[in-house]
Amino acid sequence: MRELYLVSELAKRPVVTLGGEAVAQIKDTVFDGGSARVAGFTLAGRGIFSGPLHRGLPWTGVHALGPDALMVPDADVLADRAAVASGAEAAAGLVHGTKVLTDRGVAVGTVLDVVVVSGRSGEVVGVKIASNEALGHHERDVYLALPGPVAMTGDTVLVPAEDTENLAADRVQLDHVVTRLRAVETAGRGADGVVGRGAEGSAGRGIESQRHDMRKGEEAEGAGAGEQGVMMVLTQLLGRSVVDAAGAARLGSVDGLVLDASHDPGRSHSRIAALCLRDAKAEDEVIAWADIHAVGPDAVIVTADRPVSLGTADSPAASESQSLLGKRLLTDLGHDIGTLDDLTFDTGTGRVERLTSSRGEQLAGERLIGIGTYALVVNVVN
C-alpha cells in the first residue's frame, strides 16, 4: 500500500541492504529541481557518535523507501557524497521557508516540509506550506498537491496557478487529492500520450481574483504578456524578483524599464520593450518584454515557452529609459512641466497608460513621444 512521508521524517531512517545489514542512516534528502523527484540522500553513520559519511546514496541505488527503513540491494550502490549532492539541489534539498510562487507571480506561502511517496518512484507528490492570504488561509498549515513535475530551487517552488486549488488539510486528504489528480491525468491522456488539464486545470485563476488591491477595478483578469492585464505603477515593480519558469531560478530583480516611445501607424501608446535587472549574473542585463509570462504582485515570471532573452542595455535610449523616475518632463512646445514621479502600465500588454508628474498632473500614456538624455517629451493636447 502506498504511503506518504514527510521528508523531515526520513532523517535518521536506517539504510538497510537486502542482506539485512544496516550500512548507514539518512541525513539529508536531495531533490532533482527539474523533475520533482528525490535525487538521492546524504548519509550519516549509525550510532549516536557517528557523523556525516563521505558516501551518499543516489536514488538509482534505492530498492524501496519504506516506513521503517530505506532498502538498498547492497552497500555497493553507495557513491561519492559530492556526486550525489551536486547537479541536483543543495544538499538539504528544499529548506524550511522556501517561497512557493505561482506562474502568475503570486506568492502563496512558504515550504514547511516536502511529501514523498513510498516505494521505488521517489516522487514528490506535495508540499506542506504555511499559506498566506492569497490562498484564503493566512498563516495556516495546508498541503498543496503537485500533480506533476514543477520547477524547484533552494529558494523557490514554482507551481501552475491552477494547481493552487489542490489543497488538503492532512496527508490522508492529500493522498485522496493526488489519487484524483492522477485519475484525471490518465483520463485526459490522448492517443499521443499528451496530457490535457481539462476542467481540472481551469479552476485555478481564482487566486488572482483575490488581489483586489492590485486591480483597482480597472482591468479584467489575466496578466500574461500580450493579454490585457492589471494596472501597476513603476514604483511597485522596482525591486521585484524575476524568476525563470523553466527552473524556478531567480534571475535578479527589476531595476528599471526600457520603453519604446515610437509611434507606429495604428499604435498610439508607448510600451515597455524590456525589463532591466540588477543582482543578475552579469551587469546591465535586460529581458525582452516578449519573454515575460506574468507580472505578479510578488514576482515577475519569465515564460518557459520561449528562451530567456538576456542582453545588454547599452544603447542610449535603453540607459535613459532605465532611469525614468525623477527625469525632467517637457512638452513638445518646450514647456517644463515638472519631473516624472511614477508611471502606470498594463501588466499584460506593457502599454504605458499614465505618467504622473511631480506637480500631481496625470498625463495620458499616448502623450509620451520621446525619451532622451535630457528629458521625457510629451505632446501638447489641443
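**Aromatic rings: exercises**

The charged end of Arg13 lies 4.9 Å from the centre of the ring of Tyr5 and sits over that ring (NZ of Lys or CZ of Arg within 6 Å of the ring centre and within 35 degrees of the ring normal). The model is predicted, so local features need pLDDT of at least 70 and side-chain atom pairs count only at pLDDT 80 or more, while totals for chains, interfaces and linings use all residues. Residues are numbered from 1 along each chain as its sequence is written, and side-chain values use heavy atoms, with hydrogens and water left out.

**Exercise 1.** Classify the pair formed by Phe41 and Trp59.

*Solution.*
- A search of the whole structure finds two aromatic pairs (rings of Phe, Tyr and Trp, its six-membered ring, with centres within 6.5 Å; planes under 30 degrees apart are stacked, over 60 edge-to-face, the rest tilted).
- The centres of Phe41 and Trp59 are 6.0 Å apart and the planes are at 45°, so this pair is tilted.
- Phe41 is in strand β4 and Trp59 in the loop between β5 and β6, so the pair ties together parts 18 residues apart in sequence (strands are DSSP runs of E, at least two residues, numbered from the N terminus).

**Exercise 2.** Classify the pair formed by Trp289 and Phe345, and decide whether Phe345 is buried or exposed.

*Solution.*
- The ring centres of Trp289 and Phe345 are 6.5 Å apart with planes at 90°, so the pair is edge-to-face.
- Trp289 lies in the loop between β20 and β21, and Phe345 in strand β25, 56 residues apart.
- Phe345, with a relative accessible area of 0%, is buried (under 20% relative accessible area; exposed is over 50%, partly exposed in between; 1.4 Å probe, protein chains only).
- Trp289 is buried at 7%.

Terms used. Helices (H or I, at least four residues) and strands (E, at least two) are DSSP runs, numbered from the N terminus.
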